Amino acid sequence: MEIIYAVLIVGGVGLLIGVALGIAGKFFAVEVDEKEVAIREALPGNNCGGCGYPGCDGLAAAIAKGESNPGACPVGGAPVAKVIADIMGVEAEVVKKIAYVACSGDCDSAKNKYNYYGNTSCVDAANIPGGGAKACEYGCLGLGSCVAACEFDAIHIENGKAVVDPEKCKACGKCVEACPKKLISIIPADTKYMVKCSSKNKGKDVMKSCSVGCIGCGMCSKICPVDAIEFEYNLAWINQEMCEWCGACAEKCPKKVIERIDE
């Protein structure tokens, strides 16, 4: 009888606890947005932050609330945007973007101040007085910090300079964060012309360190029929909203630093 009583007591206590937990679960239950759950399942799960939100969970919540569009995931691209748009019952708007390296200074055109034998890290090299071995203080150091940061094998060092593979690039932005020289930006993939230089030095100083740098001569600005080219700190800058893609600036540039990138 003592064993039976013990079993009944333990069973009764377990039953009471179960009932209490069930009531508490319903009372403190957090309402789940089914759309948010479905969107999260559709996202690739890279948690790269390229969308501007803290991981895929943050983006899913933002899309479900209408704070972001279905095509905000740069990794998922059009296929994922279509799935999410169907979940939300809207049209998908996807603008493919890619990373762009604004530097032309490879081993053939850019000079070095000295030979660097330190860690294979642009960040470490940039912390050395003078900002690294490159004679151009704004130039790509070519040590691959961006390559190490890329999860998609979309950026490589070729002839001493970072080069992006637009077919593989997901525009996650990790290479942008990794570059200590701030040479990399995310741009729409259909952008026609870009200035492939970031030097803010005067023309004579640019020519001493790199044979293909922008010398701030102003020829591109003078020939542009729509005044889409401006200068800031001796560096040409193309206003993409005004540019009509005529290509006159690229033809006139004496250093050929303005390039057509969609080809």
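I began with the charged pairs and found that the structure holds five salt bridges. I counted a salt bridge where a side-chain nitrogen of Lys or Arg lies within 4 Å of a carboxyl oxygen of Asp or Glu.

I note that this is a predicted model, in which local features need pLDDT of at least 70, side-chain atom pairs count only at pLDDT 80 or more, and totals for chains, interfaces and linings use all residues. Residues are numbered from 1 along each chain as its sequence is written, and side-chain values use heavy atoms, with hydrogens and water left out.

**Entry 1: overall form**

I looked up the secondary structure and found 10 helices and eight strands in the protein chain. Helices (H or I, at least four residues) and strands (E, at least two) are DSSP runs, numbered from the N terminus. The protein chain is more spread out than a compact globule, because its radius of gyration is 27 Å, well over the 18 Å that the globule rule gives for 263 residues. That radius is taken over C-alpha atoms, and the rule is 2.2 Å times the number of residues to the power 0.38. Along the principal axes, I read a span of about 100 × 45 × 25 Å for the C-alpha trace.

I then looked up contacts, meaning heavy atoms within 4.5 Å. Of the contacts in the protein chain with a separation of 6 or more, 57% come from residues 24 or more positions apart.

**Entry 2: burial and charge**

I found that 38% of the 263 residues count as buried. Buried means under 20% relative accessible area, exposed over 50%, and partly exposed in between (1.4 Å probe, protein chains only).

For charge, I counted 27 positive and 32 negative side chains, with the centres of the two sets 10 Å apart. Here Lys and Arg are positive and Asp and Glu negative, while His and the chain ends are not counted. Each charge is placed at NZ of Lys, CZ of Arg, CG of Asp or CD of Glu.

**Entry 3: three of the salt bridges**

I looked up Asp-86 and Lys-82, whose side chains meet at 2.8 Å, N to O. Both residues lie in helix α4 (residues 77–88), four residues apart, about one turn of the helix. An α-helix has 3.6 residues a turn, so residues three or four places apart point the same way. Asp-86 is partly exposed at 48%, and Lys-82 is partly exposed at 47%.

I next examined Glu-151 and Lys-174, a salt bridge of 2.5 Å, N to O. The pair links distant parts of the chain, 23 residues apart: Glu-151 is in the loop between α6 (145–149) and β2 (155–158), and Lys-174 is in helix α7 (residues 174–178). Glu-151 is partly exposed at 42%; Lys-174 is partly exposed at 22%.

I then found Lys-168 and Asp-153 joined at 3.1 Å, N to O. Lys-168 lies in the loop between β3 (161–164) and α7 and Asp-153 in the loop between α6 and β2, so this pair ties together parts that are 15 residues apart in sequence. Lys-168 has 35% relative accessible area and Asp-153 has 41%.

**Entry 4: helix α3**

I found helix α3 (residues 55–64) mostly covered, with nine of its 10 residues buried. Among them are Gly-55, Cys-56, Leu-59 and Ile-63. The cover over the buried residues of α3 includes α2 (34–42) and α4. After α3 comes Gly-66, with a positive phi near 85°.
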